[in-house]
Amino acid sequence: MFHFLAFIFLTPFLSFLATSQTNSCRILWDEVKQISFDSCYSIVPQVVAIGDTVHILWLNSYFVQCTDAELGIFYSRSIDGGNTFSTPQQLITGLISSGGQGQLTVSGKYLNVLYSARIDTLYTIIYGIGLLRSTDAGETWERKYVSTEHWAAYSIAALDSFVYIMFGYSMSNPYRLYNGVLMSKDYGATFDTIALGLPFTDFDGRAGVKRLLATKQGLHYVYTLNNPVRNVSISEIGYLRSTDLGYTWLQPETLSTIDYNHSQQPRIDGNSNGNLCVAWQDHKYGGEFYGTIFITSSNNDGISWSEEQAISQYGTASATDIAFENNIVAVTWTNEQILDTIFQSRMNFSTDGGLTWNGYMDIVSDTSSYPSISLSQGKVHVKWYKFPDIFYMKGNFSPSCYPPPEKYALLQNYPNPFNNGTTIEYDVPNSNTTMSLIIYNILGQEITRLLDNTIQEYGHYQVRWDVPQGGISSGVYFYRLITPTFTETRKLILMR
Ligand SMILES: [Ca+2]
Ligand SMILES: [Ca+2]
């Protein structure tokens, strides 16, 4: 009898859910996992998810119960979509400069962590640009200097085989401060200085405080600048853009409203269609150490920006992170609940590229702070700090968050030409579609299958073709997407 009643009441409820699907976009969370296990403060967490691989980086900072050997930069990864994580690896041992907290980029199996490298010279200590590198998706790491000059490591960005570093430096006689750009074409193995003498962008030289982003359309750099009109001690959000791979930069713009209110901690992310979103902490609606999270978005690769809007509670938000995939933008921050004692990790997300926002929520009910977020293939990955360790959780956006694409599409690969690896994107409008993606040479001979009768749900996909050195030779190749109702072929060029 009980079961019969349950059935009657459940049925209308379920059909109601089904018909209201367009408004029911939500995140379905998994359980919480602990990532680090020591008595040091494990802070400044970063998470980057690419498909089923999840990379987590953090800094062990000084704490009285912690030995010097336990301090440094740490890394852990999952290769099963965030279900299990490796034992933390200590990439750097010892106290590094307070700002040398590191910033992680991932491009295929190539990982680069930028940090401020302490260099002890005969007379003094200077900080140069240090890089931690992995060429096997985080299995093993090497440590190297990109620069042993007294250069401030600001931010790193990667897009396929290109890796960019924005840095600051000084010149004497007359004493001036500038920015410069380093570029690597080989996933961070070697770097060239490609721009010097760029306008200086502020005095906060900590790696990771400013953010560089590389998209198909260009390079984007956000930072804080001293208010050009009011008062030098009030900061606003500055934005620099390059459309020629970082060699030249357009005139800086100010994204936040120029007023008497601090705007700081900018974060930027974008998708491959030229949509960008910048989030920051603003003091327009009150707060002293904490503020309100504001965003602005662009749908034309940074040429113009929407009016700024608040997406958090007023006056108690800090420490932003942002992630952008397809049309979903998610922003996380720390909410101060009770004056400097209880914190919550919060987030808000948009499913239309940052125009409208769902409303903010607590990521976990427990006390937590410094959340970081990454989006990959419809999954959301977050991690946060809860004294004294790092915690992680993944979730799925409900299917209604991702409306199906209108039609099939096979996009041009990028970069193209390429020398190591390239990315191919495509749209699938139907569920349960059998997909093949095949590379042919110019004679029509099959080289490899990136998809081989793979069943895929509707959505927007990316697939990489990594060509090992000494493998196939330079030349023109073709890639063909084959589905039961759609086939298209495009050309790509391998240049070695
Ligand atoms: Ca402002
Ligand atoms: Ca710890």
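The following legends describe close-up views of a predicted model of a protein chain.

Figure 1. The domain assignment divides the protein chain into domain 1, covering residues 27–401, and domain 2, covering residues 409–494. Taken over C-alpha atoms, the centres of domain 1 and domain 2 are separated by 31 Å. Eight residues of domain 1 and 13 residues of domain 2 take part in the contact. On the side of domain 1 that touches domain 2, one residue is nonpolar, five are polar and two are charged.

**Figure 2. The largest nonpolar core and a separate core.** The largest nonpolar core comprises 92 residues. The residues with the most contacts inside this core are V113, Y164, I165, V278, A330 and V331. Strand 11 is the element that gives the most to the core, contributing seven residues. When neighbours within four places in sequence are left aside, V113 is in contact with L57, I73, L91, G102, Q103, L104, L131 and L132. Another core, of 12 residues, lies apart from the largest one, and its members include F418, I424, V428 and W465. In soluble globular proteins, nonpolar side chains tend to be buried together.

Figure 3. Strand 8 spans residues 110–120 and strand 9 spans residues 125–134; the two pair in the antiparallel sense over 10 bridges.

**Figure 4. D160 in the loop between strands 11 and 12.** D160 is found in the loop that lies between strand 11 (152–159) and strand 12 (162–171). Although D160 is not a glycine, its phi is positive, at about 55°. Most residues other than glycine have a negative phi. D160 counts as buried because 24 other C-beta atoms lie within 10 Å, where 20 or more are required.

**Figure 5. G168 in strand 12.** G168 has its place in strand 12. This glycine counts as buried because it has 22 C-beta neighbours inside 10 Å, and the threshold for burial is 20 or more. G168 and Y223 are 55 residues apart in sequence, and their C-alpha atoms are 12 Å apart in space.

**Figure 6. L245 in the loop between strands 17 and 18.** The loop between strand 17 (235–242) and strand 18 (253–254) contains L245. This residue is not a glycine, yet its phi has a positive value, near 65°. L245 counts as partly exposed because it has 18 C-beta neighbours inside 10 Å, which falls between the limits of 12 or fewer for exposed and 20 or more for buried residues.

Figure 7. Four strands, in the order 23-24-25-26, form an open sheet with antiparallel pairing. Strand 23 (317–325) and strand 26 (361–362) are the edge strands, each pairing on one side only. Strand 25, residues 342–350, runs antiparallel to strand 26 and is joined to it by two bridges. M347 has M361, in strand 26, as its bridge partner.

Figure 8. The peptide bond from F387 to P388 is cis, with omega near -5°. P388 is located in the loop between strand 28 (379–386) and strand 29 (389–397). The peptide bond from N416 to P417 is likewise cis, with omega near 0°. P417 is located in the loop between strand 30 (409–410) and strand 31 (421–428). Most peptide bonds are trans.

Figure 9. Three strands form an open sheet in the order 30-31-34, and their pairing is antiparallel. Strand 30 and strand 34 (459–466) stand at the edges with a single partner strand each, so one side of each has no neighbour in the sheet. Two bridges connect strand 30 with strand 31 in the antiparallel sense. The bridge partner of A409 is D427, in strand 31.

Definitions and conventions: Residues numbered from 1 in each chain as written. Chains lettered and ligands numbered in written order. Predicted model: local features only at pLDDT ≥ 70, side-chain atom pairs only at ≥ 80, totals over all residues. Domains from an automatic or database assignment. Contact = placed C-beta atoms within 7 Å. Nonpolar A, V, L, I, M, F, W, Y, C, P; charged D, E, K, R; others polar. Pairing = 2+ DSSP bridges. Core = buried A, V, L, I, M, F, W, Y, C linked by C-beta atoms within 7 Å.
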